[in-house]
Amino acid sequence: MVQAMRHVGTVEQASLLAAELNDASRVRPVVVVSSPASRGAPYIDAAKIFNEVGDLVEVVTIPTGAVSWAFSAAMVAGTQVYGGAGRVYPVGVEWVGDVKKSPLRFAFDAREGAAATQALIDDALHMAAAAGLLGQTAAGASVIRPVEGTVTKLIAGRALVRTTGGSVVSIVGELAVPDLPIERLLVNGMTVRGAADDANRLDIRAMLRPAAALPYRAGEIVLARVDAVSENVATLSLHPDLPVEVTLIDVTLNDLDTLDTLMSPSEVLRARIESREPWKLRLWDVDDDEVTVAAFSLIEGGPPWLVEGLPKVDTDVDAEAEHRDDREPTAERGESTASATAPTAAQPSAPAPAPAKTVPNPSIFDRKRRPAAPTPAATSPTAVAPVVHTPNVVAPAPKPAPPSPSPATPQPPVELIEARERLQELDAKLRDLIQENRELLTHRNRLRDQVERLERQLATSRKNLRGSRTQTGMELADEGPWFLDPVDQFTFEVAAAWARRIPAAEKSERPLRAYTLGQDFLRSVDQLEGIKRPKIVEVVVEILTGLAEKNAGRELHRLRESGAGNARQRVRDDGATGWRVSLQVNTPSARRLHFWRTPDGHIELAKVAVHDDYSA
């Protein structure tokens, strides 16, 4: 029999709940939902969670205050719940030492409450499936049955299936591939089969295609998902069960770059398959006009599991929700100072884990400012209930042991070996920290969007002011020309743009690099239509200060001899190499700027041209 939803309302009940959660023999996951200190009811909908998964897990509510303090004092630091947040505790006690196994979901307003509610439902389903509870009643009796049918509708993270017997069952994407949107797994009209439980949930994990079935070939451009990233190492996935590590040299040729500034977890990037045995990827030589192979379908006949340009999650934030009253304890503020000792007047704390829905950052590799998809996690499908079998994944053949080096072969010094091991340990810790602090990434993205909105408003205000001054006879200082010589005029414009663009405190760090103008450069500037001169000047400043290498919208890459993917880079007799940056993106015949870089770092601006012009 399914148990009713519980409410913990006393200090004694809170202590008993903590003891229950820390009992290694517990057989069902437990969802704990707290109320904010400023209101009696949580933003997270505990009743909806109970209605959705109450047959598989227990649902408990707890108020923030003395009761949550008692609960937190009895829990290991970092595993508490209070301040309006919620958490699902899986069976066993591994989550005590690894809080990523029990992520905290925040909800500071109604919109975040809806997202956190769905995230907790997904967490609960995933943990119940991992515990082997799918297809079992509260008493443990097996009630699963084989089912085949047709997908009729995708809605609210579920797929509705009309069975051959005429009944309707639903597929929960979280039970197949955790955190993957159902639209990336199924399409309407597909025939599916699996095992349905007493709650009419259909388990289709036996239909998942293994990573060994990937058809990709060396040299192809494919889509890969960023699962984890540190300063020097990132993990990309071509399949949920196929993580591939890339290092800095695989991604960029700029020694000043770091991977964590170029990509973010959950981003979908384009990469070139360098080899299959072992799998190896590189990203630095992927041109924007090369054909990308469609991503692998995890179920035969289904959609690609990765796509570019997914709908962006709305990140507009209510200012009141962003700037909470400091008198209200919140899980995010309190959890950085928690301890297992008796609570003081301040609320115990827990580290900020992954948010309910993560908004990934834009990448340098796709500057269409691609909207982000919900964050897919790099978890393999979990073990299924009885009589449902997960397909065997063909593991790569073990590599033969390398031959013993001859006495003449120089061996790495012990210091180098130890340094490498230490670097791997630090990278692993950094990946964990990035994973645990996705809430901060989401907050950063929201602030970035807010800054962009304010910058657009400022640009509009300046434009209106410029028009107003022109109407009253007041000309702006940057109107001209100020020199008769075209070279002197362009040089002045670049210097003025640099003075406005680079803050005073950063001018010594970002001086204008030495440059010259090619004989056709100014003529191409005057003749090229569809792009304004101030935009060209702005991009020149970015090239000369190194900002173009950091600005993904510039799409800095080699200037090739033609549009072919294997075309060689242009190189002059004096050793100068050709490069091109984007002046525009997502427009017909998008404009580009071509320049030469000599071996000593000198820049020569060659020309501005349309996208399909590869001449210098």
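Analyst: A contact here means heavy atoms within 4.5 Å. The model is predicted. In that sense, the buried residues of helix α14 pack against α12 (486–501), β16 (515–517), α13 (521–527), β18 (577–582), β19 (591–597) and β20 (603–610).

User: Which residues of α14 are buried?

Analyst: They are I536, V537, V539, V540, V541, E542, I543, L544 and T545. Each falls under the cut-off of 20% relative accessible area that defines a buried residue. Across the chain, buried residues make up 46% of the 616 residues.

User: What makes the pair F106 and F108 tilted?

Analyst: A pair of aromatic rings is described by the distance of the centres and the angle of the planes. Four aromatic pairs are counted by the rule that ring centres lie within 6.5 Å. For F106 and F108, the centres are 5.8 Å apart and the planes stand at 35 degrees, so the pair is tilted. Planes under 30 degrees apart would count as stacked and those over 60 as edge-to-face. F106 has 5% relative accessibility and therefore counts as buried; F108, at 12%, is buried as well.

User: What is the geometry of the pair F483 and F492?

Analyst: This pair is tilted, with 5.7 Å centre to centre and 55 degrees between the planes.

User: Why are F483 and F492 called partly exposed?

Analyst: The term applies to values between the cut-offs of 20% and 50%. F483 has 37% relative accessibility, so it counts as partly exposed. F492, at 32%, therefore counts as partly exposed too. F492 is found in helix α12.

User: Which residues form a nonpolar patch on the surface?

Analyst: W482, F483 and F492 form it, and together they have about 300 Å² of accessible area. Membership requires over 30% relative accessible area; F483 has 37% and F492 has 32%.

User: Why is S266 called buried?

Analyst: S266 has a relative accessible area of 2%, and the cut-off is under 20%, so S266 is buried. This residue is found in the loop between α7 (259–262) and β14.

User: What makes E555 buried at 18% relative accessibility?

Analyst: The value of 18% lies under the cut-off of 20%, so E555 counts as buried. E555 lies in the loop between α14 and β17 (557–558), and its phi is positive, near 50 degrees.

User: Why are such backbone values worth noting?

Analyst: Most residues other than glycine have a negative phi, and most peptide bonds are trans. The peptide bond from E277 to P278, by contrast, is cis, with omega near 0 degrees. P278 is found in the loop between β14 (268–276) and β15 (279–282).

User: How many helices and strands does the chain have?

Analyst: The chain has 14 helices and 20 strands. Among its contacts with a separation of 6 or more, 67% are between residues 24 or more positions apart.

How values were computed. Residues are numbered from 1 along each chain as its sequence is written. This is a predicted model: local features need pLDDT of at least 70, side-chain atom pairs count only at pLDDT 80 or more; totals for chains, interfaces and linings use all residues. Side-chain values use heavy atoms; hydrogens and water are left out. Helices (H or I, at least four residues) and strands (E, at least two) are DSSP runs, numbered from the N terminus. Buried means under 20% relative accessible area, exposed over 50%, partly exposed in between (1.4 Å probe, protein chains only). Patches are made of residues with over 30% relative accessible area and no salt bridge: like charges are joined within 9 Å, nonpolar side chains (Val, Leu, Ile, Met, Phe, Trp, Tyr) within 5 Å. Accessible areas come from the Shrake-Rupley method with a 1.4 Å probe; for residues, only the protein chains shown count as cover. A salt bridge is a side-chain nitrogen of Lys or Arg within 4 Å of a carboxyl oxygen of Asp or Glu. Rings of Phe, Tyr and Trp (its six-membered ring) pair if their centres lie within 6.5 Å; planes under 30 degrees apart count as stacked, over 60 as edge-to-face and the rest as tilted.
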